[in-house]
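Here is a briefing on one protein chain. Please look over the sequence and fold before reading on.

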Amino acid sequence: MTLQVTLKSGEKVKINDHVYCSPPWSVRDGTPYSVARIMEFLPPEGASKGKGKGKEIYTRVRLAWYYRPSDVSDRPVADSRLLLAAIYSEICDLNQLRSKCHVLHRDKITDLAGWKKRPDRFYFNRLFDPYIKKEFEVIQATDVRNLPDNIRQVLTSRYEYVVAEKEVVPDLTDTLRLCATCSEWCANPDTVGCDRCKNFFHMSCVQPPLLAKPSRGYGWTCAPCSKRHEEEVDKHDVRHPTPVAKPKSNAPAPRGRGRPRKDRSLAEKEENVEIKYFKMWPFRYFGQYTVAEDTLDPDDLIFPRSATRVGPKYQATVPSTINVPSPSDLEQRGGDNTVEVLSAVNNLTDEEITELEAWKSVLSRKKENLHSVDWLTEAIRRFSQAYLMNRGWSTVDMSVPTRVEKWKKGETRYTDREWSAEEIAAFEDGIFLYGAELRAVHDEIGTRSISEVVRFYAHWKSSKLKEENAHIRLTRLNAKGDEKNEAPAANTVDPFSDDEGSVIRGFSRHNNSCGACRTRESENWWRAPKGLVTDILCDPCGTNWRKYADLNVRPVREDALPPSKKGPEKREGTPLNGPSAKRLRTSTSGNVTPPPNVPAAPQLRCLACQKNGPVGKVVRCSQCQFRVHAASCGVHVDKSAVDSWMCDVCQNQKTMESSMNTDCLLCPRRKFKKKVQYPNADSFLRASKPTEGQGWAHVLCAVFTPEISFSDVSQLRLVEGISTIPRQRWTSRCTICGETSGAVIRCSDCVREYHTSCAWMNGHRFGFEIQSVRNPRREGVIITFKGETGNMVPIVCCQEHENSKRELYDVCETDETGETALQIYCRTYKQAPITHAHALLRKARRLDQTLNMRMDGPSSADSSVEAVLQCEMCSTQYSPAFYPNKHYSDRWRCHKCHFEHQRDGTFGFSPADSLSPIDDMMDV
């Protein structure tokens, strides 16, 4: 009679049944169930088997695991019913089995689509080996035909499937291949095939024998075919055969594997199909590195194999040392003089050992040393030396961390020096990037040897396991306390008790809907994995995640208001301004348990758009409390570092990479009675970025000034191209502040000109407009934003143009991908050509263009501007800036002569009065 075991869910399982296996929720940390096959039931560890039949007590089970594709690779797999077999087993507690499922090979399933529609059904067609990290094909053993009869019969009688490499499968499933010379079976590793006659030969049967197979991409022909081909070439009678097409047939198309069948009895037969097992495994490896005759041995290993690493390619060739004379002054090892005593505790009496333990406990003030293997080993070594030299225990000193060892020139440390906080941070970063690849972690640290890294990794891993175990124990104690507080219902059976903490029995205030489908009603609620909006899942989503590792997460708009602040949803046809319902409609089902309301997530108000947003999407400077949408200011910050983020201005106070004078170079330089060092943190004008000359410019000024570009648009830095702004824009008077310094921009709907910062502070309208194009090839780069396609143009309008018909997108307005309008505009139109030249060369070219424009003179349309400026002192016509003479309005001085005479005290003139400030390299 077949042994059967009853699970907690009430299902009975036997050997070779497939089951879901999972530890408690607190241990598996939200991961889905594992799928496995029962190999055997085992009694408790250390217990003897029962004497009578059926009297054994089974508490453990050996399981053969299956992997999900997401467990072994990061590539997405749409089929949640696909598994990967493995020749890997473990022993687990019987209480970890959840329920029964069915797993079949792909070729055993007639209707795959119908199979996947049924619950708890899986299939596999490949095998993953966890040791060599490689996937193999799994085929039925009856499909293997290229084998001698005796080997094939043994293989098919023992195993149901064969595991092999993908490139070997066509050779295995081919017809039996016999050598055309000796008529013996041709094993694939020692066989070559003729490309013309399609016969196979042993490499040792051809004349001359072949030492190796042809390289990949090359063919081989036997001697008769090669001679026949040479004769055809000499006769010029070579004709290439014409491929024969298959004649068309009027017969109906064959029934596809995926077409659904309504034969339910066939599906039940497939579930109960008999599978062959040999030593508890239904398959074995029979691939490229298998010797066919070895499979006859029942003890032959069935695991996948890889290429051998034996030979001169992998092993060193050590020269012989027989005739090499050895030095005569070497001390012969093995005697009393060369032996290093590590411990002499076995020679001590009980009283001496008690006294030694007492002295050992007072040698160190650090209690952790009394449990350190390195410290204890060195202490015993030093006590043993004192005992052998007839010295007292009081002469032992552990304050010196080094010791002298035989066969070594210098002193060595018996334990590693303490790790600094920087080294520990670099170690943890390396573990996060490379995992347990300690060689790469060692390169990441740079200040420790590989042996020190290995030892520290062992201590670090043990400390992490200690924390995890403490967390598990605390969770179990809390769970036991909750169970004691709950009053059990009489004569009730919980059908979900097998999940041991996966079912939510008491709601908290932190969940109000399913974290995947967003539904608010469900008969049962399950705990959700990390990373979702809420911590609960409804019954369908919880089942799909636990069994199939599949979650169809409904996207949630981040800028949407919290559900608790929204009114009831209006049905179709309900007027928007109608009165709200007094009572929300609730479900009439008595078994439905609505989750409680959840408090609103913390919100921050952006100073650019004056709209609230969640923390992370809207960042706040930890020093000046400046708040802005991260995407509108070129900010990229990790979730763990959101609270410690600092704006560029505050960051510059520590790094001092740019000028400490953070006044915008594009704004007028106003004179204040009290010097204001930094911009106001309560305005969007606080958002400033460094320029290529270590100056500063407002993000708003740089974006809405057409000549400006950025070296890195993803971070909106560095600001380039200030020198390319025309001179007229620097000398025009602002219609708001009346200043003539600073670069002005023009209103998009009138002729008014003003500074960008002045327009922002006076409430002018800023945004981006999508202008349609007729010919996309001629009219520049076009983009698509919120369904509109065309050129994106920055627009600034006066307050008087509020009734303008322009449809503008706000600076912080986002599209479906989450990118803001400012972000898309800068990425498309504001990126400097960094691939053509480096920053210094780009700056020099811009200065050359400015000087050439001055040398060529003004156009005929503007005769009011002087054609050529010339220094009255050195007669040069080339200077970054010309300064007017204080006494003669028609005389000018170059930059060099102006400051030389200013130092001599001849006359003074402020650089701010210059008519053409050239870029921010003039900053002082």
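This is a predicted model: local features need pLDDT of at least 70, side-chain atom pairs count only at pLDDT 80 or more; totals for chains, interfaces and linings use all residues.

Residues are numbered from 1 along each chain as its sequence is written, and side-chain values use heavy atoms, with hydrogens and water left out.

**Overall make-up**
- The protein has 20 helices and 32 strands. These are DSSP runs numbered from the N terminus: helices are H or I, at least four residues, and strands are E, at least two.
- Of its 924 residues, 37% count as buried. Buried means under 20% relative accessible area, exposed over 50%, and partly exposed in between (1.4 Å probe, protein chains only).
- Take contacts between residues at least 6 apart in sequence: 56% of them join residues at least 24 apart. A contact means heavy atoms within 4.5 Å.
- The accessible surface is about 58200 Å², and 51% of that belongs to carbon and sulfur atoms. Areas come from the Shrake-Rupley method with a 1.4 Å probe; for residues, only the protein chains shown count as cover.

**Helix α13**
- Helix α13 spans residues 539-548. Its buried residues are C541, G542, W545, R546, K547 and Y548.
- Their cover includes β3 (18-21), α1 (25-28) and β8 (121-129). It also includes β16 (526-527) and β17 (536-537).
- A549 follows α13. This residue lies in the loop between α13 and β18 (603-605).
- Phi of A549 is positive, near 55°, in a residue other than glycine. At 28% relative accessibility, A549 is partly exposed.

**Other backbone features**
- Most residues other than glycine have a negative phi, and most peptide bonds are trans.
- S875 also has a positive phi, near 65°. S875 sits in the loop between α19 (839-856) and β31 (883-884). Its relative accessible area is 46%, which makes it partly exposed.
- The peptide bond from Q207 to P208 is cis, with omega near -5°. P208 is in the loop between β12 (200-202) and α6 (223-235).
- R717 and L718 are joined by a cis peptide bond, with omega about 0°. L718 lies in strand β25 (residues 717-720).
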